[in-house]
Amino acid sequence: MPDALFTTITAIIMIPVAFFLSIIYLFLLRKFSARFQWRVGPVISMYADLKPLLGRSRILQPLYDILKLFGKDTVVPSVARKTLFKASPYLALACAFGAIFFIPLPGVPLLSYLDDSLVIASYLLIAAVMFTILGAASSGSPWSAIGARRESEIFLVYEIGFVVALFAAAMTYGTLSIWTIATTSSLPLLLLNPFAAVLLFLVMIGKLGIKPLDIAEAETEIVGGPYTEYSGKYLGMLQLTKGFLFYDMVGLFIVLFLAPMFGTALWIPVYIISAIVVVLFLSIVHVLHPRWKIDRAMRSYGLLIAVFAILAVIMVALALSYNWVVV
Amino acid sequence: MAATSDSAIMQYVQEVVPEGLEYKMGRENRVFVRVKPDDVDKLAERFTKKLGVRLSHASGVDLQQFGFDIIYAYDFTKYKERLQIVLEANLPRENPTINSVGKVTWQAVWAEREMKEFLGINFIGMPDPRHQFLPYEWPKNPETGISPAQNSTTYPVEAKPGEKWLPVGISPKDAISALVPIGPYHPGVIEGQTVYVKVEGEHVIDADIKTGYHHRGIQRLIERRGYNKGVFVAERVCGICSAHHGIAFVTAAENLYDAEVPERALYIRTLLAELNRVHSHILWIGVAADLIGWKTGFMLTWGLRERVMDIIEAITGNRVNYGIWRLGGVSRDVKQELAESSKRTLLALKEDLAKLLPPVADHPILKSRCIGVGTLDLATCFETGVVGPVARASNWKIDVRMDNPPHAIYDPKKISWEVITDDHRDMYGRVLVRVKELFVSMDIVVQCLDYLAKTTGEIRAKPRTIEPGTEGIGLDEAPRGELFYYMRAGGTELPEYMMPEGKHNVQGSNQPQCVRIRTPSYRNNAALPFMLKDCALADVPIIMGSIDQCQACTDRVEVIDAKTESSYSLSWDELVRMSQRKGRA
């Protein structure tokens with residue numbers, strides 16, 4: 001068990017680091033998608049003639065977009081359940097933000113060494129989405145209500161996959177502590193149980209609203225979905241929630257499936273590269289597909305999740321019975 | 001383009017219309033029949049139900065002290081080549097009443113609603129008496145608070161109290177059905193219109209469309225400007241299919257006199273019309289991709305579309321409104337080098353599109369979004385009078401370029417091309433029809449460029465005098481469907497003593513007496529509620545997109561002062577002041 005002081009200090013340092021990384025992930029998603037679509041996207045090095053006006057780089061463009069929202073007026077609809085409507089963004093942000101302390105970086109365990117850290121992290125990640133749905137449902141707008149309904153339907157599908165993927169890892173290593181999973185194995189779980197990795201990747205697509213599954217906030221269909229009535233700082237907070245969720249999910253994927261690099265902080269560059277690769281794969285899925293219809297998504301996506309969940313469980317059973325894991 | 005009124009046509013017309021009616025032959029087999037107002041609905045029944053012909057358009061003309069002329073144009077190309085029969089009925093100015101054709105065939109409903117609104121004509125037995133372009137609520141009875149146009153029960157316009165969404169109303173129990181307005185401001189609808197959809201959960205059970213968010217008074221502007229300047233206004237009806245408005249206008253105007261257009265000019269017209277269709281269809285594919293949430297498709301197709309725009313710019317100097325249409329020809333020639341370089345660009349583009357589009361059309365998610373969505377069977381197609389790719393996707397082989405070509409080259413002997421139809425009868429059919437048409441249009445463009453590169457010649461003939469009172473019809477197949485222009489030459493009859501001896505006592509005019517435009521979106525929008533019933537809410541934007549709506553084409557509005565009951569148009573300064581006033585509030 002690491003020193004309490006070390007944990008406190010790293011946790012405090014972790015806040016800006018996680019914030020920065022989530023912004024970078026959002027930037028990468030935008031940049032990759034833009035390049036695939038023959039666009040420029042947010043520029044990395046600003047054009048010389050625009051430098052005095054726009055600054056040296058636009059890597060932090062997602063941050064500027066969020067900060068802009070905090071400077072705008074906040075409107076609360078008169079028909080909304082006001083307490084719930086106002087509280088939901090805070091609670092969603094708190095959950096997504098809280099989860100960052102359970103996602104370790106190489107050499108930095110944070111709170112992930114706790115015995116049940118995997119369970120706590122999964123609960124926080126589920127709750128963040130739950131509060132988004134609650135806030136939307138309390139806004140009194142038909143668009144939000146439809147968005148919330150869609151979000152909760154798709155939520156039911158991917159949460160099953162989420163839980164199965166997490167517990168495939170937990171069962172294989174016989175522990176619920178993320179740090180133990182990250183440090184004890186010598187072989188990445190990606191090779192040992194690729195189906196569980198694909199399953200978590202599919203869950204990420206649903207949870208982060210990547211393209212075939214951005215059904216809940218389908219702009220051309222239902223305006224903004226759950227976010228329709230949110231404006232100003234509340235919308236900013238929900239965007240921030242999404243950013244942190246992005247960081248959490250990518251971090252969780254790496255820590256569970258690309259594990260044996262968490263021993264020392266020297267592995268951090270490898271961690272960053274694998275994060276970029278995960279975001280690249282997400283962007284490829286994002287640009288390749290149109291949006292699914294909700295009924296179709298429930299069927300096809302549900303089937304996909306179910307198949308990979310069963311395969312993942314079978315792989316876990318095989319791994320346990322043949323003792324593939326050397327702990 | 002000489003008049004081809006032969007005796008066979010006359011004989012056929014005598015068979016079709018009742019005896020004893022006065023009719024006159026126009027040029028190119030357009031026949032104008034003067035009928036009694038009482039006969040209009042009987043003839044409509046005979047034409048549409050027995051003979052199975054299409055009503056192209058119905059409209060009214062205000063003749064001041066001579067009352068109103070109501071015109072019904074029927075498309076008889078099915079029976080005789082290029083035959084259009086136009087029924088004209090005169091109504092008195094005091095209490096104008098006529099039997100409704102809308103109750104016979106649904107395709108006349110929008111036109112009758114429009115006439116009722118603008119000219120105050122009462123249609124007996126009108127199936128849908130609500131306003132077409134004015135707000136439904138206007139004018140409200142000050143005592144009862146009910147507007148006279150609101151009493152229809154066909155399509156409910158306001159949600160009943162129990163139908164509104166309640167907070168935390170995501171369970172179907174709380175929200176049995178709700179009325180969701182899509183528009184006038186909605187990310188899926190770029191132009192202003194409202195589609196009211198009544199939903200149960202995500203299932204659409206009823207739908208209605210309300211137009212009337214644009215006003216430009218463009219028909220009146222053309223009437224005031226005359227033939228030569230009017231063509232430039234006509235082009236501005238629509239920014240995307242501007243070439244087709246130009247061609248339809250000049251076709252209608254050339255239909256008023258014995259026009260002779262040089263062949264080279266005809267080729268240039270076809271060239272630009274088809275280039276226009278190419279860029280319009282590519283644009284539509286992009287918009288449709290965006291509507292089903294596929295930004296990549298949108299970006300890639302619009303990137304390719306720029307090359308077509310470049311060709312158009314090189315030929316005409318403009319990207320949107322080409323401004324080269326003239327009565328009796330065109331104003332700009334296409335030089336040999338330009339034709340050759342354009343051909344090279346176009347062939348390269350064709351190759352890229354052939355690489356891009358087939359995989360797109362086979363994308364499984366795209367297919368799942370399109371197949372079985374917004375179905376429209378052939379009978380409904382006919383009844384609602386849809387035109388263009390929407391009709392062709394329901395396996396209805398109508399194409400004005402083949403049936404009743406405009407004054408351009410579409411002769412199968414000179415240019416090889418085909419009419420594309422599809423029997424999917426849904427959104428997917430509309431995608432396939434447009435993708436295939438795109439390639440057909442490119443073939444036509446290549447053939448035109450080949451001709452233009454090889455030959456030289458005149459591009460414009462001198463226009464001649466237009467006799468007052470002549471009537472003409474111009475048709476063209478715009479990217480969205482059949483475009484209809486009706487024109488009646490202006491002129492005044494002078495008293496004999498004012499004219500020099502021996503001269504005809506009719507004073508001609510350079511201005512048409514009336515111009516009536518019926519755009520394809522006007523028809524396709526009217527059929528929208530039929531497509532929207534029984535679909536999912538997620539499908540509503542793409543179904544609306546599937547007809548390639550063009551609201552600016554559809555709407556026409558006039559300002560009416562409720563207190564004095566006088567109508568007027570707003571001047572530019574007034575509009576600026578109004579926008580400043582409203583913008584400040």
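## Exercises on helix packing in chain A

Helix 4 of chain A passes helix 11 of chain A in a left-handed crossing. A crossing counts as left-handed if the near helix is turned anticlockwise from the far one by less than a right angle, and as right-handed if clockwise. Helices (H or I, at least four residues) and strands (E, at least two) are DSSP runs, numbered from the N terminus.

This is a predicted model: local features need pLDDT of at least 70, side-chain atom pairs count only at pLDDT 80 or more, and totals for chains, interfaces and linings use all residues. Residues are numbered from 1 along each chain as its sequence is written, while chains are lettered from A and ligands numbered from 1 in the order in which they are written.

**Exercise 1.** Describe how helix 4 of chain A and helix 11 of chain A pack.

*Solution.* Start with the geometry. Helix 4 spans residues 82-99 and helix 11 spans residues 232-257. Their axes lie 8 Å apart, at an angle of about 20 degrees. Axes are lines fitted to C-alpha atoms, for helices over the stretch in contact, and angles run from 0 to 180 degrees between N-to-C directions. The two helices are therefore roughly parallel. The classes are: under 35 degrees roughly parallel, over 145 roughly antiparallel, 65 to 115 roughly perpendicular, and the rest oblique.

Next, the residues. Helix 4 of chain A contributes, among them, A:Pro89, A:Tyr90 and A:Leu93. Helix 11 of chain A contributes residues including A:Tyr234, A:Met237 and A:Phe244. Contact requires C-beta atoms, placed from the backbone, within 7 Å.

Ala, Val, Leu, Ile, Met, Phe, Trp, Tyr, Cys and Pro count as nonpolar, Asp, Glu, Lys and Arg as charged, and the others, Gly among them, as polar.

**Exercise 2.** Repeat the analysis for helix 5 of chain A against helix 11 of chain A.

*Solution.* Helix 5 covers residues 117-137. The angle is about 150 degrees and the axes are 11 Å apart. Helix 5 and helix 11 of chain A are therefore roughly antiparallel. The crossing is left-handed. From helix 5 of chain A come A:Ala121, A:Leu125, A:Ala128 and A:Thr132. From helix 11 of chain A come A:Leu238, A:Thr241, A:Leu245, A:Asp248 and A:Leu252. The tally is six nonpolar, two polar and one charged.

**Exercise 3.** Is A:Phe257 buried or exposed?

*Solution.* First place the residue: A:Phe257 is found in helix 11 of chain A. Then count: 25 other C-beta atoms lie within 10 Å, so A:Phe257 is buried. The cut-offs are 20 or more for buried, 12 or fewer for exposed, and partly exposed in between, with C-beta atoms placed from the backbone. Finally, list the neighbours. Beyond four places in sequence, A:Phe257 touches A:Pro188, A:Leu189, A:Leu190, A:Ala197 and A:Leu200.

**Exercise 4.** Characterise chain A as a whole.

*Solution.* Count elements: chain A has 13 helices and zero strands. Check the dimensions: the C-alpha trace spans about 60 × 50 × 40 Å along its principal axes. A compact globule of 327 residues would have a radius of gyration near 20 Å, and chain A agrees at 20 Å. That radius is taken over C-alpha atoms, and the globule rule is 2.2 Å times the number of residues to the power 0.38. Buried residues make up 54% of the chain. Among contacts between residues at least 6 apart in sequence, 80% join residues at least 24 apart.

Note on methods. Contact = placed C-beta atoms within 7 Å.
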